[in-house]
Amino acid sequence: IVKAFELVPAVERDLLMGDKARINIECIECCGKKLYVGTNDCFIHHFLLDEVTSSKGKLSYLAQKKLHKYLGLKKPVAELRAASALERLIVLCDGIVFLVDMETLETVPSAAGGGAKIRGVAEFCINENPVNGDPFCVEMGILSSKRRTVQIYMVYVDRVQLVKEVTTPEQPCALSLDGYFLCLALSTQYMIVNYNTGASQDLFPYNSEERRPIVKRISREEFLLAAPGGLGMFANAEGVSQRAPVNWSESVIGAAVCFPYVVALDESFITIHSMLDQQLKQTLSFRDGHILQDFEGKVILASTKAVYVLVPLPLERQIQDLLASHRVEEALTLTEGAQRNIPKDKFQILHKRILQQAGFINFGQLEFLEAKEHFRKGQLDVRELISLYPLLLPASSSFTRCHPPLHEFADLNHLAQGDQEKVLRCKKFLITYLGEVRSTEVANGCKEDVDTALLKLYAEQDHESLLDLLATDNACVLADSVPWLEKYHKYFALGLLYHSNGQDSAALQLWIRVVDGDLQDSTRSDLYEYIVDFLCSISNLDLVWKYADWALQKDPTVGYEYLKLKFDFNSDCFLPYEEKLTRARERLQALLRESNLYRVQFLLERATLHGKLEEHDKALHILVHKLRDFSSAEAFCIWASSCRDSAYRQQLFHLLLGVYLDGNLPGKSQTATGGGSGDLEMAAVDLLNRHGEVFDAVRVLRMLPENWSLQLLRPFLGRAVRASMHACRTSQIALGLAHSENLQLLHDRRKKPIIVSEKKGCHLCHNTFSDPDVVCLPGGVPVHTHCVAQRVRDSPTKRQLTNSSNHT
C-alpha cells in the first residue's frame, strides 16, 4: 500500500446549502480557481478555491462563494462544462444545452440569425483535442435522447452550429471525444467511430442496464472504459489495448486518471490503482459519493452535500515511502512511469538517485547482482560504497557522503550486525565491483581511492590479484598502503609498491630482509632469484653495485651467472673482477702444492672453521698455542659473539682467559713462535685491562694465580670496584622505590577495595581477568601478576642490575 493521495475538503455543506436539507449536488466543473456546482434545485453556485499550505507542508482549500444563480427550469442541473476561451459555461438542464456567462451566470441570448440552445440532449462532452483550428470555438459531441445519433457541434460565444451527425447501430448512452474519434457506450457494447471517415471498430460487449457505463478520455486518442467483471479497460483509437486492465469494483460509478494512477469511485470507497503495474495502491473510505472527475490534473469528488479535492502527494515522497518499505521494483516503476510529467533534467537527477538508493537496499539484503546493476545505471560515485567499509578510503581522501544519505547504514558493521559471514560476502562483492569499475569512467577522479581500497581488500583477504594490481599501473596511496601491507606480512607486494613509486632501493632492502629471514613472507619461494633478476633489469648501476655483493655472498654461483647476464662477460665492468678471482684461485692452488710453511694444514682457516662449528676451545687453542696470535684470539672472541648476548660473550672471554692461564697444556713451553709462559701471562693481563667490563670479577679473582702482582691488575680491579659499588647503590634505590610503591598501594587499599571482575581489563596488556590473582599499581590499578613481572624484567633498572650482578 502506498499513500499516494489525501482527501481534502473544498466546499463544506454549510457554505453550499446552509440549512436546506433537500438540496443535492448534481454536477461540478472546475476551471483554474473557479469551481461551479450544479444542484437539484436548478441553481448554479460559483466559488473561488484558494490553496493554502501550512508550515508543515500540508495543503488545504479555502472556498469563497462569489455567486449563485437560478436557471428557472425547475429541473436539476445535469451537466456543466467550461469554455474558458469563450468565457462561457455549457449547461445541460431539462434536456436542453445552453450557454451562460462564467462571471455573471446570466444566460447568453441567441445571436441574430442563429440559436444558442440545443434541445433533446441526453448527454454531451467537450473535444479536448479539437480538429478545428479556431481558438474561439469549442467542439462538442451530443447524444440525442430520442434518436440513435451523435451530433458534432461548434460552440461560439453566442451561438452553436451543427457540423456533423453520425448514426449508430444502437442507442448510445455515454460518449467521449478526441479529435475525429468518438468512443461510445451503446446499449450492449462499446465502439469507436471516426466521424470524419465513418470507420468504426467494435470493442467488447457491455450491458448498460446492469452497470452504468464509463467512457473516459485519458490522453490523446486513448480511453478508459468500465468492462464486465469489474475491470477498467484501456483502448486506443484503433481499438487496441496497449495497457493491462486494472481490477476495480463491479459497482464503479466514476473514474479518472491522475498519472500514473487510475482513481475509481464506488458507493463506499475510492480505490487507486497504478497504470504501471496495475496493482491496488491505496483505498480511501468515501460514503455517499456520486461524482468523480478530473480537471486539468486536479481530481475532484462530490457527495450529495459537499465537494472534495483528491490531492496527490509529491512523487518523490511516494517513491521514498516505497523505498523505506524496501519495495524497490515498485519505486523504480513509479519513477520511470512518471518521466513524462517531470522535466528531463530533473528526472535524470531523480532517477539516478532512486537507482542508487535501490542499489543500497539490494546491497543490504545481499542481492549483489541487482545492487551492481542499479549502481551502474545510477552512475553511483563508487566512494559512497567504499565509505561503508571502515578504513578502506585513504586518509587523504576528500570524499564526504551524499546528503541526504542514500542509505540507512553507518558502516558495514552496522549493516552486518555482527554476522561475520555477511561481512565477508560484502567484502568479496566489493572486490569484484571495484575490479570491474577501476578501469572505467566510474573511477574517474577517484582512482587513488579505488586502487587503495582494492589493495587493502586484496591484502586482507590474501587475494591472488594483489600482485597483478601492483605489477601494473596503479594509483595506490603509498602512505596508506604501507602499514596495511605490513600488517598482513605482504612484504613482496610492498616491494612492488615501492618499485611502482620509483623507490627501488626501498624495495630491494625489504626483499633482502625477507630472504635473510628478518621478515616472514611466503609469497615467492624464489625471491632470491627474483631479486637478482630485478637487479639485472634496472638501469641504476649504482644500485646494482650496492647490492651485488649481497647477491654474490648469498649464492655466488647464481649471483655470478645472473650478474654476468646484466653485464656482458667481456665488458669493462666485469672482466677485472673475474680476472682477479681466477688469479687468486691459481695462487691458492700453487701455495697448497708447493709451500711447506703450513705443513698441509691452514691453521688460521682451521681455527675459523672450528669457530663456525662453535668448537671455540679448539679454535682458541690453535690461535694461542699454535700460532701465538693473541690479537687474533681476542678478535675471534669478538667475532664469534657479535650476534649473541652478553652472557655468551662473557663465556668466550673467560674461555680465552682460561687458555692463557692454563700452564699444564702439553707443549706449553714450546710454542710455535718461540717464547714461554710469560707471554701468556702478559696476554692475560692485557686482556683483563682492555676488556674488563666483559668479565665476572669474582670469578676472575678465583682463577688468577696467588703470586700475581695487584699492580698489574690495577685498571681492571679499579673498574670492578666502581661497578660493584654502583650496582649496590642502584639496587638500594630500586629497593627503596619498591618499598615506597608498596606503602602507596597499602594506603590506596585502605581507602577503597580493589574490584576485579571478568569485565575489567589489565592496564598493561588490556586483556580481561580470569582469576583474582592480581597485582595493584599505584592508584589502585589492578594488573596481571605476569604482566607486572614482565614489566620489571623489561625496566632499565632491572636490566642494569642484571648486567651489574657480575661485580657484586
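Predicted model: local features only at pLDDT ≥ 70, side-chain atom pairs only at ≥ 80, totals over all residues.

**Helix pairs**

I started with α2 and α3: α2 passes α3 in a left-handed crossing (left-handed if the near helix is turned anticlockwise from the far one by less than a right angle, right-handed if clockwise). Helices here are DSSP runs of H or I, at least four residues, and strands are runs of E, at least two, numbered from the N terminus. I looked up who touches whom, with contact meaning heavy atoms within 4.5 Å: L315, Q318, I319, L322 and L323 of α2 meet V328, E330, A331, L334 and T335 of α3. By class I get 7 nonpolar, 2 polar and 1 charged (Ala, Val, Leu, Ile, Met, Phe, Trp, Tyr, Cys and Pro count as nonpolar, Asp, Glu, Lys and Arg as charged, the others, Gly among them, as polar).

Numbering runs from 1 along each chain as its sequence is written, and side-chain values use heavy atoms, with hydrogens and water left out.

Next, the geometry: the axes of α2 (residues 315–324) and α3 come within 8 Å and cross at roughly 165° (axes are lines fitted to C-alpha atoms, for helices over the stretch in contact, with angles from 0 to 180 degrees between N-to-C directions). The pair is therefore roughly antiparallel (over 145 degrees; under 35 is roughly parallel, 65 to 115 roughly perpendicular, the rest oblique).

In the loop between α2 and α3 I found H326, whose phi is positive, near 60°. I flagged it because most residues other than glycine have a negative phi.

I then checked α13 (residues 504–515) against α14 (residues 527–537): their axes come within 10 Å and cross at roughly 155°. The α13–α14 crossing is also left-handed. Its contact has 11 nonpolar, no polar and 1 charged residues.

**Cavity**

I ran the cavity search on a 1 Å grid over the protein atoms alone, a cavity being a set of points where a 1.4 Å probe fits but cannot get out. The count is 1 cavity of 30 Å³ or more. Lining residues (an atom within 4 Å of a point) include L322, E330 and L334. Helix α3 (residues 328–337) gives the most, with 3 residues.

**Cis peptides**

I found F259 and P260 joined by a cis bond, omega about 5°. The H403 to P404 bond is cis too, with omega near 0°.

Definitions and conventions. 1 Å grid on protein atoms, 1.4 Å probe; cavity = no way out; pocket = protein on both sides within 12 Å on 5 of 7 lines; lining within 4 Å. Points joined across faces, edges and corners; volume = space filled by probe spheres on them.
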